[in-house]
Amino acid sequence: MPTLSDIKTRLDNLTELGNPAVQTVIEQLVAQRYHAHFSAEIIKKLTAQFQLSVVELALACLPVAASYALTPVSNFNVGAIAIGQSGDFYFGANQEYAGNAIQQSIHAEQSAISHAWLAGEKAITDVIVNYTPCGHCRQFMNELNSAATLKIHLPHSQNNLLHNYLPDAFGPKDLQISHVLFDEPAQDDLACTHSTGDKLIQAAITACLKSYAPYSQARSGVALQVVEQVVTGRYAENAAFNPSFLPLQSALNYRRLCGLADIEISRVVMVEMQGSLSHRHIVESLVKTHLELPIEYLNID
């Protein structure tokens with residue numbers, strides 16, 4: 001399984017190609033301990049230094065983002081950049097888990113968008129990706145609070161609205177959902193009577209409360225103990241159901257993009273709220289085969 005050392009090797013290979021902008025981007029990643037998130041301030045400096053537009057810089061970053069891919073099944077690396085309304089860049093890459101159902105895979109656009117969501121971004125303005133988004137990802141992006149104005153940029157075609165790729169789309173409005181992905185959770189949704197002194201369990205509870213499940217009401221969150229750090233993930237549901245993003249994938253993706261791929265996970269906690277479905281068994285399956293750990297499971301009111 002590609003670890004941080006493999007990601008570093010891929011980045012070293014890119015450096016040897018001699019593109020000054022890419023070399024500087026990689027140097028910045030190294031300075032950040034491979035945390036693949038650039039602030040708007042860094043983006044401003046890089047665009048000025050290389051006389052590039054924001055989108056041109058993001059396009060140049062795509063091979064760097066693709067270096068974070070985990071593709072033991074397809075051997076096909078996809079990189080994506082989600083640009084937040086803050087101006088920050090959030091990198092993403094596709095990830096696959098050998099020996100598990102293909103539905104456990106993470107698409108690059110999901111990776112970048114989930115990265116931004118967990119980092120506290122309020123909306124996504126642009127998604128840049130090195131291959132045309134598949135139907136799964138187009139539908140996933142249609143759940144965003146910025147879907148109507150979201151721009152998609154490809155190496156061969158820029159400044160296209162998402163709805164150019166997904167005409168006559170089915171989405172939240174068709175199911176009378178007005179509070180959508182990336183909107184702030186309602187205060188009532190954050191209320192919970194369950195509390196604990198265990199920091200990892202409490203982190204999983206918070207992730208569950210901040211998850212997005214307007215169709216099933218089956219909110220869920222995962223917390224990973226990564227040495228002294230806690231990494232969380234949240235469920236993100238979709239009107240079309242299948243493009244929904246599971247909480248364990250959300251957490252594993254965030255861990256990887258934070259540069260923690262080599263750091264051992266010692267505990268996995270999953271918290272769910274009662275709804276019309278459960279993700280417990282699919283999460284247990286991946287934890288068992290990928291991490292060789294049990295999960296600590298809690299169902300809360």
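The side chains of Glu296 and Arg267 meet in a salt bridge at 2.8 Å, N to O; here a salt bridge means a side-chain nitrogen of Lys or Arg within 4 Å of a carboxyl oxygen of Asp or Glu. Keep in mind that this is a predicted model, where local features need pLDDT of at least 70, side-chain atom pairs count only at pLDDT 80 or more, and totals for chains, interfaces and linings use all residues. Residues are numbered from 1 along each chain as its sequence is written, and side-chain values use heavy atoms, with hydrogens and water left out.

Glu296 sits in strand β10 (residues 296–300) and Arg267 in strand β9, so the pair ties together parts 29 residues apart in sequence. Strands are DSSP runs of E, at least two residues, and helices are runs of H or I, at least four, numbered from the N terminus. Asp198 joins in too: salt bridges that share partners link Asp198, Arg267 and Glu296 into one network. The structure holds five salt bridges, including these:

| Pair | N to O distance |
|---|---|
| Glu296 and Arg267 | 2.8 Å |
| Asp198 and Arg267 | 3.1 Å |
| Lys45 and Glu41 | 3.9 Å |

Asp198 and Arg267 each have 23% relative accessibility, and Glu296 has 33%. That makes Glu296 partly exposed, given that buried means under 20% relative accessible area, exposed over 50%, and partly exposed in between (1.4 Å probe, protein chains only). Lys45 and Glu41, by contrast, are both exposed; being four residues apart in helix α3 (residues 40–50), they are separated by about one helical turn.

Now for the domains. The assignment, automatic or from a database, gives domain 1 (32–175) and domain 2 (189–299). Their contact (heavy atoms within 4.5 Å) takes 30 residues from domain 1 and 32 residues from domain 2. The buried area is about 2,600 Å², with 59% from carbon and sulfur atoms; this is the accessible area (1.4 Å probe) that two parts lose on being put together, summed over both. Gln104, Trp117 and Leu118 supply 26% of what domain 1 buries against domain 2, more than any other three residues.

On the domain 1 side, helix α5 gives the largest share, six residues. Ser114 lies in α5 and counts as buried at 2% relative accessibility. Leaving out residues up to four places away in sequence, Ser114 touches Phe245, Ser250 and Asn253.
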